[in-house]
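Hello,

Here is the structure I said I would hand over. Please have it open while you read the notes below it.

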Amino acid sequence: AAPIIIYPIINHRDNHSKEIWTHLDQETRDLLKIQDLPSALVPVSNKQPTLFNSLKDRENSEQEMDDLNVLYVALTRPKDKLLIYCESKIKSSKSKTKENAPAGNDYISMLVQFRQSNAIRALPSLSTSTGDNNQDFAIGTDDPKPAEPNTTTHNTTIEVLDQLSFADWSQKISIADQSKEIFGNHVGEAIDHGNAVHEILSHICTKNDIDQATHDYCRRQRIHTDIQSRLLQEVRLVVTDPQCKPFFASAATIKTECDIAFDGQVKRPDRIIFNPDSTLVVDFKTGKEQPNHNQQVKEYCDAIRQMGYPHVRGFLIYISTNGITVREV
């Protein structure tokens with residue numbers, strides 16, 4: 001929308017004769033004996049039928065629809081004033097021939113007829129006028145639209161705050177993901193410790209992180225308090241086990257679930273502990289011991305050795321209801 005819309009209508013099309021570009025099918029090329037001409041600029045006329053008159057009618061119909069769309073936009077977008085300029089083709093009212101009807105895109109003639117009809121007189125809120133040459137007409141007045149008085153009063157108060165505090169977004173939003181991988185058929189039954197414990201351990205660097213990591217995981221997964229207690233107990237058994245103490249040392253630099261690009265593949269060990277004189281690679285397992293577990297950790301170690309880290313050692317930690325088992329690879 002705009003305060004004023006100016007819309008010029010140009011009646012430049014001649015419906016009696018014109019030329020259009022068209023594709024020539026094989027049958028037409030055979031008839032015209034022009035085999036090597038796939039497209040051509042061909043004449044069309046209302047006075048003399050040709051092979052392409054149907055194309056002309058279709059193009060005129062499409063152009064007519066485009067003109068109507070533009071006219072609709074022009075008539076519906078102005079806020080205060082609409083100005084339309086066009087040559088009128090209305091002839092004497094004594095002639096009733098088809099030539100005197102609004103032709104093609106002569107929409108201004110339609111507006112003139114509307115202005116002259118009884119319909120406009122039935123609208124008491126509108127006034128009409130006609131120019132000296134009987135070619136200009138107006139519906140409504142040309143007076144500027146009066147500005148609406150602003151009666152609203154605003155009392156502005158400025159306050160300076162020493163600080164702004166916002167609640168932690170994680171306390172407002174809970175996202176439940178991978179629920180089918182964690183729970184059995186019913187919530188609270190048969191928790192998959194291989195996924196749950198593994199995920200919690202990936203967020204623990206030292207024993208001081210146990211409570212927060214377990215709480216955050218259970219909140220994301222909407223785990224019941226009783227099950228949360230079981231998970232917390234099992235994670236604490238792993239982290240505080242004497243065999244696992246070197247893997248959660250506070251003095252070391254620890255990376256969890258980090259990707260390593262090696263030999264055209266991406267490796268992701270569960271845990272890497274960087275000490276000044278040694279590098280420990282750890283993978284957690286919750287199922288039965290498998291021969292490929294050793295090979296997996298050996299590949300992790302080979303990749304880290306290639307990166308130049310000192311004295312690389314690999315470990316498998318098996319977590320079960322019977323306790324913790326640590327095996328060096």
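In what order do the five strands of the open sheet lie? The order is β7-β10-β11-β12-β13, with mixed pairing. Two strands count as paired if DSSP finds at least two bridges between them. Helices (H or I, at least four residues) and strands (E, at least two) are DSSP runs, numbered from the N terminus.

Before going on, note that this is a predicted model, in which local features need pLDDT of at least 70 and side-chain atom pairs count only at pLDDT 80 or more, while totals for chains, interfaces and linings use all residues. Residues are numbered from 1 along each chain as its sequence is written, and side-chain values use heavy atoms, with hydrogens and water left out.

Strands of a sheet pair through backbone hydrogen bonds, either parallel or antiparallel. Strands β10 (residues 271-274) and β11 (residues 279-285) run antiparallel and are joined by four bridges. Ile272 has Val281 in β11 as its bridge partner. Helix α9 (residues 291-306) lies across β10, β11 and β12 (312-320), at about 145 degrees to β12.

Pro269. This residue sits in the loop between β9 (265-267) and β10. Pro269 has a relative accessible area of 0%, so it is buried (under 20% relative accessible area; exposed is over 50%, partly exposed in between, with a 1.4 Å probe and protein chains only). Beyond its neighbours within four places in sequence, Pro269 is in contact (heavy atoms within 4.5 Å) with Glu257, Cys258, Ile260, Val281, Val282, Asp283 and Tyr300. Asp283 is 14 residues from Pro269 along the chain, and their C-alpha atoms are 6.1 Å apart.

A helix pair. The axes of α7 (residues 210-221) and α8 (residues 225-240) come within 10 Å and cross at roughly 145 degrees. On the α7 side the contact is made by Ile210, Asp211, Thr214, His215, Tyr217 and Cys218, and on the α8 side by Gln228, Leu231, Leu232, Val235, Arg236 and Val239.

The whole chain. There are nine helices and 13 strands. Of the 329 residues, 28% count as buried.

Regards

Conventions
Axes are lines fitted to C-alpha atoms, for helices over the stretch in contact, and angles run from 0 to 180 degrees between N-to-C directions.
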